[in-house]
Amino acid sequence: MTAADAPAASARVLAGPPAAQALLDDTARRAARLPFTPEIAIVRLGEDPASVSYVRGKDAKAKETGLNSTVHALPDATTEAELLALIGQLNTDPAVNGILVQLPLPAHINEERVLNAIDPDKDVDGFHPVNVGRLWTNTPGNVPCTPQGVMFLLRHYGIEVAGRRVVMIGRSNIVGRPMAGLLVNAHATVTVAHSRTQDLPAVTREADILIAAVGRAHFVTPDMVKPGAVVVDVGINRVERPGKKPRLLGDVHPDVASVASALTPVPGGVGPMTIAQLLGNTVAAAERQRA
Ligand SMILES: Nc1nc(=O)c2c([nH]1)NC[C@@H]1CN(c3ccc(C(=O)N[C@@H](CCC(=O)O)C(=O)O)cc3)C=[N+]21
């Protein structure tokens, strides 16, 4: 065998399901210690197939974990006023500890007004400006599920972030920005790169840990990765196939496995962490509401 056809080194696979199970086990134990059953209310508008499927998954996992879960499936034509009225009821319902409004919302509804109407202490997505402020002041609050799930996954696999260089590609309110806040709180040195970054590969090659949440399939290529870096792929790009289930592609090209020391797969990486963390957030919210 010549060097040219020797098998390339392959990154350790940071599988989501075992880490998600560890988080769910911990969440179930904490839920069982409460003097009541923690409850999440999930609100969904319309019949977008991805939303229907995600909400079904969240509701089932909640019940498996010993939580109460109520799904409010509203018609696509629901007005913003009607949605705000439901949120008002859930805010004051003492049995409800966590509220999640599945995104995206139909175009006739102002997403910001809806998210701002949720009681910050019940906002288990952590999207309310009060929770954004709590995150950036490093005080207790609800933290967005996907970035918090990434932190759990890294800890689960013994990957230290303190003192290391992390490059986050993407600056969304849902992933990039809160991910940067959590990493700073965990003593990482953080760069947030995005579509306007000049010479992106030079920036990403500085990373000990590279996190991609771009929304473009296979955007991160091997030339963008420092040999031995840890790469976290937050992308879920659905490629529809007639008559078949959509294929899910990450933001990271599979060839990155020959350069990185560790890599999260898609599917089966960060996705399952998001759902587990949502239930973790609901139990944590219930614990704080009781305190
Ligand atoms: N208010 C709100 N909060 C959210 O957290 C939220 C949302 N809206 N809208 C949509 C996105 C998307 N999201 C995912 C959660 C789990 C997987 C997941 O478990 N993915 C599996 C595969 C699932 C499949 O096969 O489709 C995986 O990556 O292995 C994916 C995506 C939460 N979101």
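Colleague: Which domains does the domain assignment of the protein chain give?

Modeller: Keep in mind that this is a predicted model. The assignment lists two stretches of the protein chain. They are domain 1 (37-122) and domain 2 (145-271).

Colleague: Which domains supply at least three residues each to the shell around the ligand?

Modeller: The ligand is surrounded by 16 residues. Among them, the closest are Leu103, Pro267, Gly268, Gly271 and Thr274. At least three residues of the shell come from each of domain 1 (37-122) and domain 2 (145-271).

Colleague: Which element gives the most to the shell around the ligand?

Modeller: Strand S4 (98-101) and helix H9 (270-290) each supply at least two residues. The top contribution is 4 residues. It comes from H9.

Colleague: How many residues of the shell around the ligand are charged?

Modeller: Sort the shell by class. It has 11 nonpolar residues and 4 polar ones. The charged count is 1.

Colleague: H9 also packs against helix H6. What is the relation of H6 to H9, by angle?

Modeller: H6 covers residues 145-156. Its axis lies 8 Å from that of H9, and the angle is about 105°. Angles of 65 to 115 degrees count as roughly perpendicular. So H6 and H9 are roughly perpendicular.

Colleague: How many charged residues are in the contact of H6 with H9?

Modeller: On the H6 side are Cys145, Thr146, Gln148, Gly149, Val150, Phe152 and Leu153. They meet Val270, Met273, Thr274, Ala276, Gln277, Leu278 and Asn281 in H9. By class, 8 are nonpolar and 6 are polar, and the charged residues number none: there are no charged residues.

Colleague: H6 packs against H1 too. Which residues of H6 make that contact?

Modeller: The axes of H1 and H6 are 10 Å apart, at an angle of about 100°. The two helices are therefore roughly perpendicular to each other. H1 brings Gly16, Ala19, Ala22 and Leu23. H6 brings Phe152, Leu153 and His156.

Colleague: Which residues does Arg30 touch, not counting those up to four places away in sequence?

Modeller: Arg30 sits in helix H1 (residues 16-33). Glu287 is 257 residues away along the chain, yet its C-alpha atom is 8.7 Å from that of Arg30. Beyond its sequence neighbours, Arg30 touches Val283 and Glu287.

Colleague: Is Gly176 buried or exposed?

Modeller: Gly176 is found in helix H7 (residues 176-185). Leaving aside neighbours within four places, Gly176 contacts Met168, Gly170, Arg171, Val192 and Ala213. A residue counts as buried if 20 or more other C-beta atoms lie within 10 Å of its own. Gly176 has 22 such neighbours, so it is buried.

Colleague: And where is Thr78 found?

Modeller: Start with its contacts. Not counting residues up to four places away, Thr78 touches Leu45 and Leu83. Leu45 is 33 residues away in sequence, and 7.4 Å away from C-alpha to C-alpha. Thr78 itself is in the loop between strand S3 (68-74) and helix H3 (80-92).

Colleague: Why does Thr78 count as partly exposed?

Modeller: Count the C-beta atoms around it. Buried needs 20 or more within 10 Å, and exposed needs 12 or fewer. Thr78 is partly exposed because its number of other C-beta atoms within 10 Å is 18.

Technical notes
Residues are numbered from 1 along each chain as its sequence is written. This is a predicted model: local features need pLDDT of at least 70, side-chain atom pairs count only at pLDDT 80 or more; totals for chains, interfaces and linings use all residues. A residue is near a molecule or strand if its C-beta atom, placed from the backbone, lies within 6 Å of it. Ala, Val, Leu, Ile, Met, Phe, Trp, Tyr, Cys and Pro count as nonpolar, Asp, Glu, Lys and Arg as charged, and the others, Gly among them, as polar. Domain bounds come from an automatic or database domain assignment. Axes are lines fitted to C-alpha atoms, for helices over the stretch in contact, and angles run from 0 to 180 degrees between N-to-C directions. Angles under 35 degrees count as roughly parallel, over 145 as roughly antiparallel, 65 to 115 as roughly perpendicular and the rest as oblique. Two residues are in contact if their C-beta atoms, placed from the backbone, lie within 7 Å.
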